[in-house]
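Please read it beside the sequence and the structure shown here.

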Amino acid sequence: SGIGRVFMNSKVHEDGVAVHFSMASIRGAWITDGRIEARVANVNSTSNNYAELVRRRGLWVRQLERQGIQFRFVATPQIERGELDNYKVLILPYSIALSDREIAAIERFLDRGGIVYADEQTGRMDERCRWRREPLWTAPRPALLRGEPRAVSIQPGFVVGDGDFLVTVRDFGASRLIGALTREPRAVTLPPVDRVRYDLLRGGPASNHVETSAISPILLLERASRIAKLELSPALDLRLTDEKGAPVDRSVVRIEVTDPSGKVVRHYTGNRTIRDGTARFEIPFALNDVKGRWRVRARDVISGLTAERTLER
């Protein structure tokens, strides 16, 4: 239906939260109590400390998901080359092994106002899994918080309301794409917004009240202006403009082709990505395609606007 292509052409809208991913910490956790057995075994069953690392990392992930926080795993080389400059919060789940360069980068991150969530295992080893003689960050620092996973001090980009939702917020051109999934059926009142909001599943402008469930998620797209017109030329060129006549920067149009008998021809049907208001569609007719009037119907996935053309074959 084209919704998948909208997601494929979007990217995560970052909330500025990084979760440390450290292969050195994975090795460091396992070697403290890991057992090599004469059989193929699950690594979780051969090291309690490794299993604890996985548990803590999973708890942090679920905590961030419950908050609706859009986060990213950041690996050791990324931290060493300064990518923490792009983040506001760093989470160190059982990060037992930290390199000197990582420590220096985290120090700079703290000095500029970043917040670090750590635990009692943080940095006990170096990157080669050798025990450090002195523990890290023994002196209290207001922005370095130790303990179990908890709510982080970041306001998510989209708040659904009461209830347990899995939320994704993504950038689709200049628009904001929002998905929210819940386990139980519920009625949701959407928060007010000063933009035009569309309902991708139901089509057209979104209602302020949405019925949602595990099989009917919330899929919204918010943009600065209303999409007003979809045109399909005789040459099957697509043009999409907003209420001011300006080209829509990004959208997806679903095109359905039917033969003279009214049957949908699936191998000619497809999706086209609108970029800067335009896209082109072609039908590579086969020599044995039937003669007559073929119908081409275009539907903008975001606004629900349609346009049609008939072609003589």
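A residue is called buried under 20% relative accessible area, exposed over 50% and partly exposed in between, computed with a 1.4 Å probe on protein chains only. The model is predicted, with local features needing pLDDT of at least 70 and side-chain atom pairs counting only at pLDDT 80 or more, while totals for chains, interfaces and linings use all residues. Residues are numbered from 1 along each chain as its sequence is written, and side-chain values use heavy atoms, with hydrogens and water left out. Helices (H or I, at least four residues) and strands (E, at least two) are DSSP runs numbered from the N terminus, and two strands pair if DSSP finds at least two bridges between them.

**The parallel sheet**

- Five strands in the order S3-S2-S4-S5-S6 make up an open sheet with parallel pairing, in which S3 (71-75) and S6 (144-146) are the edge strands, each pairing on one side only.
- From one strand to the next the twist averages 25°.
- Three bridges pair S4 (residues 89-91) with S5 (residues 115-118) in the parallel sense, and Ile 91 stands opposite Tyr 117 in S5.

**Helices across the sheet**

- Helix H4 (residues 48-67) lies across S2 (17-21), S3, S4 and S5 and runs at about 150° to S3, where axes are lines fitted to C-alpha atoms, for helices over the stretch in contact (heavy atoms within 4.5 Å), and angles run from 0 to 180 degrees between N-to-C directions.
- Helix H6 (residues 100-111) lies across S2, S4, S5 and S6, at about 130° to S5.

**Helix H6 in detail**

- The 12 residues of H6 should span 16 Å at 1.5 Å a residue, which agrees with end C-alpha atoms 16 Å apart; the expected span is 1.5 Å times one less than the number of residues.
- Glu 102, Ile 103, Ala 105, Ile 106, Phe 109 and Leu 110 are the buried residues of H6.
- Gly 113, which follows H6, has a positive phi near 105°.

**The antiparallel strands**

- Strand S15 (residues 250-258) runs antiparallel to S16 (residues 270-275), joined by six bridges, and Ile 255 has Gly 270 as its bridge partner in S16.
- Six bridges also join S15 to S18 (residues 293-300) in antiparallel fashion, with Asp 300 in S18 as the bridge partner of Val 253.
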